[in-house]
Amino acid sequence: MLLAILISNFAGNILLERFNGVPSEERLHWRTFLVKLGADNLKGARNEELFVSSQKSVYIVYTVLGGVCIYIIGKDEYDELALTEVMFVITSSIKDACGKSPSERLFLDKYGKICLCLDEIVWKGILENTEKDRIKRLIGLKPPNPTEI
């Protein structure tokens with residue numbers, strides 16, 4: 001199961017988080033742990049360079065993408081290799097949604113579209129879609145028609 005996806009800025013502020021099957025009392029621990037992990041290891045990291053860690057029975061894959069840090073936590077069948085595939089799909093989708101590697105501002109400007117992408121990629125802790133074209137098609141929204149409002 002994919003336990004969590006967190007995206008933060010370099011200052012450690014959480015921009016987006018998705019938890020699956022993690023009790024609410026443990027979420028603060030994970031937020032704090034991941035931000036500290038990133039602060040210790042992501043300084044000077046290249047864009048999309050993957051880092052792997054494990055704690056107890058879970059695996060963590062994290063990276064830098066432009067001006068944001070992305071963390072994915074998995075357990076059981078979602079080991080470091082599976083999480084690497086999930087990370088690739090997520091980073092590709094974020095770059096597509098933003099048009100390039102996002103700065104923090106661009107990430108926040110495209111927040112809604114990025115959330116839709118994540119909803120199509122991961123559903124209730126299970127990897128759902130990995131094909132870029134399919135994800136693009138599924139998140140395609142029509143703008144509202146002003147005459148119907």
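**Helix pair α2/α4**

I started with helix α2 (residues 80–98) and helix α4 (residues 111–121), whose axes come within 9 Å and cross at roughly 150°. For my own reference, axes are lines fitted to C-alpha atoms, for helices over the stretch in contact, with angles from 0 to 180 degrees between N-to-C directions. Helices here are DSSP runs of H or I with at least four residues, strands are E runs of at least two, and both are numbered from the N terminus.

The two helices, α2 and α4, are therefore roughly antiparallel. The cut-offs: under 35 degrees is roughly parallel, over 145 roughly antiparallel, 65 to 115 roughly perpendicular, and the rest oblique.

Who touches whom? On the α2 side I listed Val-89, Ile-90, Ser-93, Ile-94, Ala-97 and Cys-98; on the α4 side, Lys-113, Ile-114, Cys-117, Leu-118 and Ile-121. Contact means heavy atoms within 4.5 Å. By class that gives nine nonpolar residues, one polar and one charged. The nonpolar class is Ala, Val, Leu, Ile, Met, Phe, Trp, Tyr, Cys and Pro; the charged one is Asp, Glu, Lys and Arg; the others, Gly among them, are polar.

**Ground rules**

This is a predicted model, so I kept in mind that local features need pLDDT of at least 70 and side-chain atom pairs pLDDT 80 or more, while totals for chains, interfaces and linings use all residues. Numbering runs from 1 along each chain as its sequence is written, and side-chain values use heavy atoms, with hydrogens and water left out.

**The sheet**

Next I traced the sheet: it is open, has five strands in the order β2-β1-β5-β4-β3, and pairs antiparallel. Two strands pair if DSSP finds at least two bridges between them. At the edges I found β2 (14–19) and β3 (51–55), each pairing on one side only. The twist averages 15° from one strand to the next.

Going through the pairs, I got seven bridges between β1 (residues 2–9) and β5 (residues 68–75), in the antiparallel sense. Ala-4 has Ile-73 of β5 as its bridge partner. β4 and β5 are joined by eight bridges, and there Tyr-59 partners Gly-74. For β3 and β4 I have five bridges, with Phe-51 opposite Tyr-62.

How much of β4 is buried? Seven of its eight residues are, where buried means under 20% relative accessible area, exposed over 50%, and partly exposed in between (1.4 Å probe, protein chains only).

**Helices on the sheet**

I then checked what lies across the strands. Helix α1 (residues 24–41) lies across β1, β2, β3, β4 (58–65) and β5, at about 50° to β4. α4 lies across β1 and β2, at about 20° to β2.

**Turns and positive phi**

Which residue takes the positive phi in the β3/β4 hairpin? Lys-56 does, near 55°, with two residues between the strands. Lys-56 is exposed at 83% relative accessibility. The β4/β5 hairpin also has two residues between its strands, and Gly-66 in that turn has a positive phi of about 65°.

Glu-48 went into the notebook too: not a glycine, yet its phi is positive at about 65°. I found Glu-48 in the loop between α1 and β3, partly exposed at 30%.
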